[in-house]
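Colleague: I would like to learn how to read contacts around aromatic rings, going slowly from the general idea to the particular case.

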Amino acid sequence: MLKVYICPKCGWLRTVSRRNSVECFKCGTDMLQTKITYDKYSEMSEQEREDYADSWLYIHLRNLKEQHV
């Protein structure tokens, strides 16, 4: 089963099959598995993927800031 991962630093999305530890090819950061399924990801346009990554980063970075306040 393919899984979709996102880089919490740069937002790059990557699909992986059997790995649990995934590294971003763009910046070297450990990636996190998203909640989006591969089927949904494969149906998304490039713009929808960029919007998803931007939204994911916004939400998760905001949560990190709130935890440190």
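Colleague: Over the ring of which residue does the charged end of Arg49 sit?

Modeller: This is a predicted model, in which local features need pLDDT of at least 70 and side-chain atom pairs count only at pLDDT 80 or more, while totals for chains, interfaces and linings use all residues. Residues are numbered from 1 along each chain as its sequence is written, and side-chain values use heavy atoms, with hydrogens and water left out. A charge sits over a ring if NZ of Lys or CZ of Arg is within 6 Å of the ring centre and within 35 degrees of the ring normal. Here the charged end of Arg49 sits over the ring of Tyr41, 4.0 Å from its centre, and that of Arg14 sits over the ring of Phe25, 4.1 Å from its centre.

Colleague: How many aromatic pairs does a search of the whole structure find?

Modeller: Rings of Phe, Tyr and Trp (its six-membered ring) pair if their centres lie within 6.5 Å, and planes under 30 degrees apart count as stacked, over 60 as edge-to-face and the rest as tilted. The search of the whole structure finds 2 such pairs. Trp12 and Phe25 form a tilted one, 5.8 Å centre to centre with 45 degrees between the planes. Tyr38 and Tyr41 form a tilted pair too, at 6.4 Å and 40 degrees.

Colleague: Is Tyr41 buried or exposed?

Modeller: Buried means under 20% relative accessible area, exposed over 50%, and partly exposed in between (1.4 Å probe, protein chains only). Tyr41 counts as buried at 11%, whereas Tyr38 is partly exposed at 31%; Trp12 is partly exposed at 24%, and Phe25 counts as exposed at 61%.
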